[in-house]
Amino acid sequence: MPATVTNALWVAGSTTRGCQLHWADLVVVMEKAHRTKLRRGYARALGSTRVVCLDIPDRYAFMEPALIELLEARMRPHLPGR
C-alpha cells in the first residue's frame, strides 16, 4: 500500500538530528522509549511538531510481513486521505 506523506520523518534510534526535525509536520516512532528520548533530546527542535508512537515492539525482523501489516494498520489513521 504505497502512500505519499509530505513533511514526515521516521525516527530510528540515535541517527536523528535536530535539523531534520525542523521541516517535519509529523514524526513517527515505533516505541514509547523512542518518543521519550526524542522529546528529551530534541524538545527545542521539535517545537509543536506532532510525535506519534505506533507502540510496535522491536521484536520483528526487517521487512517481516507481520511487521509490515502492523505498520500499515497503525499508520493508516495518520496518513492523509485514509
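Figure 1. Met63 lies in the loop between E3 and H4, where helices (H or I, at least four residues) and strands (E, at least two) are DSSP runs, numbered from the N terminus. This is a predicted model, in which local features need pLDDT of at least 70, side-chain atom pairs count only at pLDDT 80 or more, and totals for chains, interfaces and linings use all residues. Residues are numbered from 1 along each chain as its sequence is written, and side-chain values use heavy atoms, with hydrogens and water left out. Met63 has a phi near 60 degrees, a positive value in a residue other than glycine. Asp55 belongs to the loop between E3 and H4, and its phi is near 55 degrees, again positive in a residue other than glycine. Most residues other than glycine have a negative phi. Met63 is exposed, with a relative accessible area of 52%, while Asp55 is partly exposed at 41%; buried means under 20% relative accessible area, exposed over 50%, and partly exposed in between, using a 1.4 Å probe and protein chains only.

**Figure 2. Strand E2 and its partner E3.** Here is a strand with cover on both faces: in E2 (residues 26–29), Leu26 and Val28 on one side and Val27 and Val29 on the other are all buried. E2 and E3 run parallel and are joined by 4 bridges; two strands pair if DSSP finds at least two bridges between them. To find one of these bridges, look for Val28, whose partner in E3 is Val52.

**Figure 3. Thr49 and its surroundings.** Thr49 sits in the loop between helix H3 (43–46) and strand E3 (50–53). With a relative accessible area of 17%, Thr49 is buried. Its side chain reaches two backbone oxygens: that of Leu46 at 2.7 Å and that of Ala24 at 3.4 Å. Leaving out residues up to four places away in sequence, Thr49 touches Leu21, Ala24, Asp25, Leu26 and Val27, a contact being heavy atoms within 4.5 Å.

Figure 4. Arg35 is partly exposed, with a relative accessible area of 23%. Apart from neighbours within four places in sequence, Arg35 is in contact with Val29, Val51 and Cys53. Leu54 is 19 residues from Arg35 in sequence, and the C-alpha to C-alpha distance between the two is 9.9 Å.

**Figure 5. Strand E1 and helix H4, from lowest to highest confidence.** Confidence is lowest in strand E1 (residues 8–10), with a mean of 50, and highest in helix H4 (residues 65–75), at 94; pLDDT is the predictor's confidence in each residue, from 0 to 100. Over residues 1–8 pLDDT stays under 50, and the model has 16 contacts beyond four places in sequence for that stretch. For the protein, the average pLDDT is 79, and 77% of the residues score at least 70.

**Figure 6. The close-ups placed in the protein.** Of its 82 residues, 28% count as buried. Among contacts with a separation of 6 or more, 44% come from residues 24 or more positions apart.

Key. Polar contact = N/O pair within 3.5 Å; in protein donor to acceptor, adjacent residues only side chain to side chain.
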